Amino acid sequence: VMPKIAYHTLGCKVNQYETEKIRQFLEMAGFQTVPFSSRADAYVINTCSVTSVADSKSRAAVRKAIKLNPDAYVVVTGCYADIEPAQIRAIEGVDLVISHDEKESIPERLAARFSSNTQHPTSETRPRTRTRAVVKVQDGCDQFCAYCVIPYARVGRTSRPINDVIDELKSLADFGYKEIVLAGIRLGSYEDGDIHLPGLIDKAARIDGIDRIRLSSIEPWEVNDELLNVMLQPKVCRHLHIPLQSGDSSVLERMNRPYSGDDYRKIIENVRSKIDGIGITTDVIAGFPGETDAEFNNTCAMINDVDFSRLHVFRYSPRPRTKAAGMPDQVDDQTKKQRAEKLAESGKNAMARFASLQIGKTLDVLVETASGTPKQLTGLTDNYVGVSFEGESSLKGKIIPVEIMEVGSDGSAVGAVMPSSTL
């Protein structure tokens, strides 16, 4: 009998990538992947610790697995497992807590645990039909922003050898992936010898079969002209996720972010001057310790000035070991909530405003989902606008031209397939 295994991933694209690698190995070793909501013989929970909400979601996922099958073998890894291993070990039913630097041993350890009932590895396992693949090229951070616990979990910065990355990209292209997302905890710091991120993108763009290259989050100080020039290649998506965190210079200084509000504006102006129609998305923290009304208003003004196309809003939550946790003038929960709601509202408006700029244009959309009758398809444009339109479900996984007609109530775009693409 094939042992059944279920996975649950919280947090960033790097975590998603790491879970996917474990899953592929274990499927080759004869494990059967089942949904996380079902009874399994083993569960792997890849946790996140970016906020206290992420911590509690991580604990909840562990408890859910144990409840689904109290006899299951439960493995917990990820940033929360790295930072608070004792808290996880204290949950009755957890069998294994694995730190980041041992993550690669998870497949072997599980295979050994179930060795009597697994088959011999099959030579090749297909990744699940996904339209885009995330590829981790860099790990770790040493910036130590005052609010962030990640440098304690993913210590130091490392980059994968370029040949290793290119080999993986080629095999993903062979599997039929159309879009790849280059991901890292500090993506912009990628380096292998004298090759940096722009050089990696340039090499990736030459691979046949990959039609789109997207970048995950990149820090403002790592967005330079060399990067923007390589982004002008047709395969590279016109989208950057550049975390802002605050639009106020004194808050940024307290956060240990190495730029001012004016620096950030100039970086964005430079990006827009080089890449026409680019979508710029960002992260913002509401209620960082000591944030005054005036400082918060500077963030709101920045958001209105910059014309982001999407906002990820986080309420500040104190993380153990970080500098901000011990700062005076912690903002009360009610104020944080109000500020976060105001930012979320700005984010919704920004999304609709950016989508409305696309009306009348014909943009290439990677079709990701198909549901209902008549078939409603959804996907993303290269500049990161969600689009829904009617079409055949056979278009899923393809990149097709879609004319943008209007903006829906949720801020995403509504379009129509161009007649040529139905051929």
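Modeller: A search of the whole structure finds nine aromatic pairs. This is a predicted model, in which local features need pLDDT of at least 70 and side-chain atom pairs count only at pLDDT 80 or more, while totals for chains, interfaces and linings use all residues. Residues are numbered from 1 along each chain as its sequence is written, and side-chain values use heavy atoms, with hydrogens and water left out.

Colleague: Why is the pair of Phe31 and Phe114 called edge-to-face?

Modeller: Rings of Phe, Tyr and Trp (its six-membered ring) pair if their centres lie within 6.5 Å, and planes under 30 degrees apart count as stacked, over 60 as edge-to-face and the rest as tilted. Phe31 and Phe114 are 5.6 Å apart centre to centre with 85° between the planes, and are therefore an edge-to-face pair. The two lie 83 residues apart, Phe31 in the loop between α1 (13-28) and β2 (32-33) and Phe114 in the loop between α5 (106-113) and β6 (132-139); helices (H or I, at least four residues) and strands (E, at least two) are DSSP runs numbered from the N terminus.

Colleague: How do you know how α12 is oriented relative to α13?

Modeller: Helix α12 (residues 293-306) and helix α13 (residues 333-356) pack at about 10°, their axes 10 Å apart. Since angles under 35 degrees count as roughly parallel, over 145 as roughly antiparallel, 65 to 115 as roughly perpendicular and the rest as oblique, α12 is roughly parallel to α13. The axes are lines fitted to C-alpha atoms, for helices over the stretch in contact, with angles from 0 to 180 degrees between N-to-C directions.

Colleague: What is the arrangement of α11 and α12?

Modeller: The axes of helix α11 (residues 261-274) and α12 come within 11 Å and cross at roughly 10°, and the two helices are therefore roughly parallel to each other. Gly261, Tyr264, Arg265, Ile268 and Arg272 in α11 meet Ala301, Met302, Asp305 and Val306 in α12, a contact of five nonpolar, one polar and three charged residues.

Methods
Contact means heavy atoms within 4.5 Å. Ala, Val, Leu, Ile, Met, Phe, Trp, Tyr, Cys and Pro count as nonpolar, Asp, Glu, Lys and Arg as charged, and the others, Gly among them, as polar.
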